[in-house]
Amino acid sequence: MGHKIFVSYKYADSDVRHITGEWWETNTVRDYVDVLEEKLSESNQIYKGESDGEDLSQLSEETIWQKLRDRIYDSTLTIVLISKNMKDPYKLERNQWIPREISYSLKETSRKDSSGNSVTSKTNAMLAVVIPDRNGSYRYYTYMNSCCETGCRTLLTNTLFKILRKNMFNLKNPNTSDCQNGSRIYYGDSSYIPSVEWDTFINDIDTYIEKAYEIREKIDDYEIYKEVD
């Protein structure tokens, strides 16, 4: 039986590398979700997000949110697609879908089952997948740096929604080392929401999905931030 997976993303962000269709056609993050949905199906995983042909635009915001909550509640892993324009700078974070979906994914929620018994969901496993921008670059969020002698991978977490960045590098007792230039390197599973580049992830999705579940098994080792400001 596959895992039930919800995907959180900015549907209309078009600053992404072309992935499908004719070269002149504009792609959006939704096109990446279509590819991911197909890959999940091939791996016998269960996709719990909305399908591309599903039109929610005529529904009220509360009705949409209820549908999303139902799907998140029935999932065990949330994949967040990081894209260059995922944040709307003109809206408060609590009024944007992605932070609300992440918050609900991290909370333990109780509901009544068909027999009237209370059933509480566990905090979802979490994984952030970084989408390349229209130039095929990930540098808007991550790049290799010359920290220390061995080098390091830098994540620009300050560009993310607060609820995302607060759940990165949030291991209570991290294994770290400091470089001469003042940079700090984290080793091991230092983030409850780890991040991986799309090209790496899509070619080995099962490995990264299972790693997210392994981290969830050690959730008490992390400071989990669940609220949207």
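**View 1. Helix α3, enclosed by the rest of the predicted model.** Nine of the ten residues of helix α3, which spans residues 97–106, are buried, so this helix is largely enclosed by the rest of the structure. The buried residues are I98, P99, R100, E101, I102, S103, Y104, S105 and L106, and the list thus includes the charged residues R100 and E101. The coordinates come from a predicted model, and every value in these legends is computed from that model.

**View 2. The whole chain, as a setting for the close-ups.** The chain holds six helices and eleven strands. Its radius of gyration is 18 Å, close to the 17 Å that the globule rule gives for 229 residues, so the chain is as compact as a globular protein of that length. Taken along the principal axes, the box filled by the C-alpha atoms is roughly 60 × 50 × 40 Å. Buried residues account for 43% of the 229 residues, and the accessible surface comes to about 12300 Å², with 44% of this area belonging to carbon and sulfur atoms. Among contacts between residues at least 6 apart in sequence, 67% join residues that are at least 24 apart.

View 3. Helix α1 runs through residues 29–42, and its 14 residues reach 20 Å from the first C-alpha to the last, close to the 20 Å expected at 1.5 Å a residue. Within α1, the residues V29, R30, D31, Y32, V33, L36 and L40 are buried. An α-helix has 3.6 residues a turn, so residues three or four places apart point the same way. The cover over the buried residues of α1 includes the strands β1 (4–8), β2 (46–47) and β3 (77–82), together with the helices α5 (198–202) and α6 (205–216).

**View 4. N44, in the loop that follows helix α1.** N44 follows α1 and is placed in the loop between α1 and β2. Although N44 is not a glycine, its phi is positive, at about 65 degrees. The residue is exposed, with a relative accessible area of 60%.

**View 5. I202 in helix α5, against residues of helix α1.** I202 lies in helix α5, one of the elements that cover the buried residues of α1. With a relative accessible area of 10%, I202 is buried, because this value falls under the 20% cut-off. When residues up to four places away in sequence are not counted, I202 touches V35, L36 and K39, and of these L36 is among the buried residues of α1. By contrast, the C-alpha atoms of I202 and S105, which are 97 residues apart along the chain, are separated by 22 Å.

View 6. R153 lies in strand β8, which covers residues 152–155, and counts as partly exposed at 37% relative accessibility. Leaving out residues up to four places away in sequence, R153 touches T142, Y143, M144, S195 and V196. For one of these, Y143, which is ten residues from R153 along the chain, the separation of the two C-alpha atoms is 5.8 Å.

**View 7. F169, a residue with a positive phi in the loop between α4 and β9.** F169 is placed in the loop that joins α4 (162–165) and β9 (175–178). Its phi is near 55 degrees, a positive value in a residue other than glycine. At 33% relative accessibility, F169 counts as partly exposed.

View 8. The C-alpha atoms of E227 and T28, 199 residues apart along the chain, are separated by 28 Å.

**View 9. A12, in the loop between β1 and α1.** A12 lies in the loop that connects β1 with α1 and counts as exposed at 54% relative accessibility. A12 and T78 are 66 residues apart in sequence, and their C-alpha atoms are 19 Å apart in space.

Conventions
Residues are numbered from 1 along each chain as its sequence is written. This is a predicted model: local features need pLDDT of at least 70, side-chain atom pairs count only at pLDDT 80 or more; totals for chains, interfaces and linings use all residues. Side-chain values use heavy atoms; hydrogens and water are left out. Helices (H or I, at least four residues) and strands (E, at least two) are DSSP runs, numbered from the N terminus. The radius of gyration is taken over C-alpha atoms; the globule rule is 2.2 Å times the number of residues to the power 0.38. Buried means under 20% relative accessible area, exposed over 50%, partly exposed in between (1.4 Å probe, protein chains only). Contact means heavy atoms within 4.5 Å. Accessible areas come from the Shrake-Rupley method with a 1.4 Å probe; for residues, only the protein chains shown count as cover. The expected span of a helix is 1.5 Å times one less than its number of residues.
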